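User: I would like to go through this structure step by step. Could you help me read it?

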Amino acid sequence: MADSGAPLLSLRGINKSFGPVHVLRDVDLDVRAGRVTALVGDNGAGKSTLIKGIAGIYPFESGQITFEGKPVSISGPKQANDLGIEVVYQDLALCDNLDVVHNMFLGREVKSGVTLNETDMEKRAGETLKGLSVRTLKSLRQQVSSLSGGQRQTVAIARAVLWNSKLVILDEPTAALGVAQTEQVLNLVRRLADNGLGVILISHNMNDVQAVADDVACLYLGQMAAQVDKEQVSSQQVVELITTGRSGDIGLQPETTMGGAA
Amino acid sequence: MSTQVTEVDIPAAGDIGGIGQAVRDYWARVRGGDIGSLPAVLGLIALVILFGALEGSTFLSIFNFANLINQSAAIIVLAMGLVFVLLLGEIDLSAGFAAGTCAAVLAVALNSWGLAWPVALLAALLTGAVIGLVIGNLVARLGIPSFVVTLAMFLALQGAMLLIIGEGGTIPIRSEAILVIMNGNMSVVAGWVLAAVIVGGFALTTLLAIGRRRKAGLAAEAMSVWAIKVIALAVLIFVATYLLNQERQLPTAKVVIQGVPWVVVVILVLLVGLTFILQRTGFGRHVYAVGGNREAARRAGINVKGLMITCFIFCSTLAAVAGVLLASRDNSVSPTTGGAQTLLFAVGAAVIGGTSLFGGRGKIRDAVIGGLVIAVIANGLPLITQQSGIQFIVTGLVLLVAASVDAISRRRAASTGR
């Protein structure tokens with residue numbers, strides 16, 4: 001492994017089945033603060049299942065989760081949020097008819113008495129976006145319906161980091177974006193990590209992985225084929241890991257049933 | 001790095017530019033599909049000019065102006081309730097007969113049970129709340145489409161109303177307190193005081209809001225824009241008050257009829273109170289969120305079902321208020337109270353005013369503006385043509401136009417994402 005510091009999130013021996021289908025098999029994963037961990041794998045490799053388990057959508061059957069050095073169990077989305085884990089889903093879950101500030105604080109509005117404290121919310125939203133060096137929004141009071149895909153993604157990510165979150169999980173944030181907007185969002189992902197957050201980036205796009213990832217974790221048919229420092233592997237090797245589960249001496253070896261990290 | 005125009009840093013401290021900037025911003029919002037009440041206001045002005053030109057002496061008479069308020073009051077209140085339900089993207093077809101049923105409860109409570117008017121009023125409002133609770137539970141918990149639930153309630157409430165009213169057919173209302181709502185007027189002085197309070201209250205609250213934003217270092221509305229808004233409201237309110245304070249009885253009659261009708265106070269209180277709930281509280285924000293993206297609201301931890309039930313309760317309770325207004329206006333309750341086109345007029349009022357049938361967009365004030373449009377049509381058309389067939393067709397067309405504007409502006413809003 002690349003970094004010597006203790007990982008922010010550490011999964012060991014995670015298993016999950018849906019009925020007879022064994023989706024995750026003894027999966028290990030380490031996510032370090034300040035680094036972008038790209039989670040790659042073909043369709044059906046178990047990426048979403050792994051993410052949803054971390055987010056508390058459903059529990060893992062066995063395995064250990066260690067967050068900030070302490071063993072934790074995540075039994076619901078609320079608990080994940082309380083730990084500082086936020087997920088930005090692919091569909092973003094924004095309300096088109098509300099403005100940027102309203103969306104960022106949706107469900108967690110700041111109130112003074114019974115009334116909403118708009119000035120406070122707008123200030124905090126502005127500070128968060130400033131902290132992420134976002135300059136592409138004209139106004140915090142414009143409706144989300146008037147935003148471009150990249151700007152929406154920005155708002156969704158900013159909402160995730162608003163709550164002193166420590167780990168942000170992004171599910172294919174660039175899937176629906178054009179070239180310029182993809183770059184914009186990837187820059188933002190980079191800044192999240194530079195600000196000291198742990199980031200898990202699910203992506204199918206090797207360019208994205210090459211552009212922002214520090215670590216690459218590759219799932220292959222429910223097993224963690226390898227988690228390696230990006231510097232140690234080429235794009236070609238990552239593709240091999242995704243498609244066959246191994247690349248040279250990295251990945252799942254035929255003789256050993258379970259492959260660990262390289 | 002991007003194709004976007006990168007504007008200045010987001011929270012541009014200081015004030016947003018002057019009047020020109022405000023007009024440009026507004027126009028940009030309208031073009032972006034956030035059209036609001038603009039068509040309704042323009043339509044209202046056009047209709048008043050049209051009817052005024054064709055039938056000036058009758059339509060523009062001071063008596064008719066007060067009459068307009070009387071005709072529109074119940075529709076406006078009913079439409080206010082419908083705004084809550086429409087914001088969710090739902091519909092309540094039973095609101096008209098909910099109004100009738102609650103009016104019947106009021107009449108029976110006053111006459112047969114001999115209850116004091118405040119108790120009878122409370123009983124009517126509670127009936128409305130219970131109707132809303134039932135509808136809300138069927139829609140939110142059982143998951144029956146609101147169209148079907150309220151269509152069933154539309155029939156059932158009609159029956160309930162017949163049973164409550166009983167054989168007689170019509171129950172007279174004799175309670176002075178109830179009758180005065182639609183038939184009584186404030187004194188001239190009280191009318192002016194009310195006007196001053198409205199304008200002063202608006203000026204003060206908006207000024208305080210600007211002050212708060214400035215103190216927090218956020219971009220605030222320019223003072224020139226604020227002044228124009230206050231002056232415009234003041235002109236509108238004071239002209240209306242002046243007109244209502246004129247003597248409007250025929251010269252031959254001996255009694256004097258002048259002053260602002262009491263029902264205006266009812267509508268104003270509801271307008272301010274409900275607007276506060278929808279725009280300034282967490283509940284209101286969540287109503288818009290559920291209407292905009294139900295799944296997003298659910299994931300944000302909002303109790304979607306509870307919120308929907310609450311909205312249906314708001315709708316039916318406001319329908320009860322509308323029922324009381326109808327009973328007060330007609331001096332009686334009959335099986336037709338709240339029937340006929342009452343509901344369609346109310347839905348039309350909300351939609352014409354700018355509330356979207358698709359959910360997530362709309363304000364309480366839409367009900368007032370749209371209700372006035374409906375009342376002007378209902379009031380002005382009979383002066384031009386006696387054929388009720390034409391009146392129905394015109395009203396139907398106006399509703400269609402409003403719904404088209406809604407649908408088009410929604411498409412626009414969806415396509416302007418840059």
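User: Which strands of chain A does helix α8 lie across?
Analyst: This is a predicted model. In it, helix α8 of chain A, residues 235-244, lies across β3, β11 and β12 of chain A. Its direction makes about 25° with that of β11(A).

User: What is the order of the strands in the open sheet of 6 strands?
Analyst: The order is β6-β9-β10-β3-β11-β12 in chain A, and the pairing is mixed. In general, strands of a sheet pair through backbone hydrogen bonds, either parallel or antiparallel.

User: Which strands stand at the edges there?
Analyst: The edges are β6 (85-88) and β12 (223-229) of chain A. Each has a single partner strand, so one side of each is left without a neighbour in the sheet. From one strand to the next, the twist averages 20°.

User: How many bridges join β11 to β12?
Analyst: There are 6 bridges between β11(A), residues 215-220, and β12(A), and the two strands run antiparallel. Within this pair, A:Leu219 stands opposite A:Met224 of β12(A).

User: Which strands does α6 touch when it packs on the sheet?
Analyst: Helix α6(A) touches β3 (36-41), β9 (167-171) and β10 (198-202) of chain A. The direction of α6(A) makes about 150° with that of β10(A).

User: At what angle do α5 and α6 of chain A pack?
Analyst: Helix α5(A), residues 149-161, and helix α6(A), residues 179-194, pack at an angle of about 15°, and their axes are 9 Å apart. Angles under 35 degrees count as roughly parallel, and that makes α5(A) roughly parallel to α6(A). Their crossing is right-handed.

User: Which residues meet there?
Analyst: On the α5(A) side they are A:Gly149, A:Gly150, A:Gln153, A:Thr154, A:Ile157 and A:Val161. On the α6(A) side they are A:Gln181, A:Gln184, A:Val185, A:Leu188 and A:Leu192. By class, the residues of this contact divide into 5 nonpolar, 6 polar and no charged.

User: Now the other sheet, please. What is the strand order in the open sheet of 4 strands?
Analyst: In chain A the order is β2-β1-β4-β5, with antiparallel pairing. Strands β2 (21-31) and β5 (70-72) of chain A stand at the edges; each has a single partner strand, so one side of each is left without a neighbour in the sheet. Direction ignored, neighbouring strands of this sheet are turned by 30° against each other on average.

User: How many bridges join β1 to β4?
Analyst: Strand β1(A), residues 9-18, is joined to strand β4(A), residues 62-67, by 5 bridges, and the two run antiparallel. One facing pair is A:Ser10 and A:Thr66, the latter in β4(A).

User: Which strands does helix α1 lie across?
Analyst: Helix α1 (residues 47-55) of chain A lies across β1 and β2 of chain A, at about 65° to β2(A).

User: Turning to chain B, how many helices and strands are there?
Analyst: The secondary structure of chain B comes to 16 helices and 2 strands. Along the principal axes, its C-alpha atoms fill a box of roughly 80 × 55 × 40 Å.

User: What radius of gyration does chain B have?
Analyst: Chain B has 22 Å, which agrees with the value near 22 Å that a compact globule of 418 residues would have.

User: At what angle do α11 and α13 of chain B cross?
Analyst: Helix α11(B), residues 282-292, and helix α13(B), residues 304-330, cross at roughly 105°, and their axes come within 10 Å. The two helices are therefore roughly perpendicular to each other. B:His286, B:Val287 and B:Val290 in α11(B) meet B:Val304, B:Leu307 and B:Cys311 in α13(B). This contact has 5 nonpolar, 1 polar and no charged residues.

Conventions:
Residues are numbered from 1 along each chain as its sequence is written. Chains are lettered from A and ligands numbered from 1 in the order in which they are written. This is a predicted model: local features need pLDDT of at least 70, side-chain atom pairs count only at pLDDT 80 or more; totals for chains, interfaces and linings use all residues. Two strands pair if DSSP finds at least two bridges between them. Axes are lines fitted to C-alpha atoms, for helices over the stretch in contact, and angles run from 0 to 180 degrees between N-to-C directions. Two residues are in contact if their C-beta atoms, placed from the backbone, lie within 7 Å. Angles under 35 degrees count as roughly parallel, over 145 as roughly antiparallel, 65 to 115 as roughly perpendicular and the rest as oblique. A crossing is left-handed if the near helix is turned anticlockwise from the far one by less than a right angle, and right-handed if clockwise. Ala, Val, Leu, Ile, Met, Phe, Trp, Tyr, Cys and Pro count as nonpolar, Asp, Glu, Lys and Arg as charged, and the others, Gly among them, as polar. The radius of gyration is taken over C-alpha atoms; the globule rule is 2.2 Å times the number of residues to the power 0.38.
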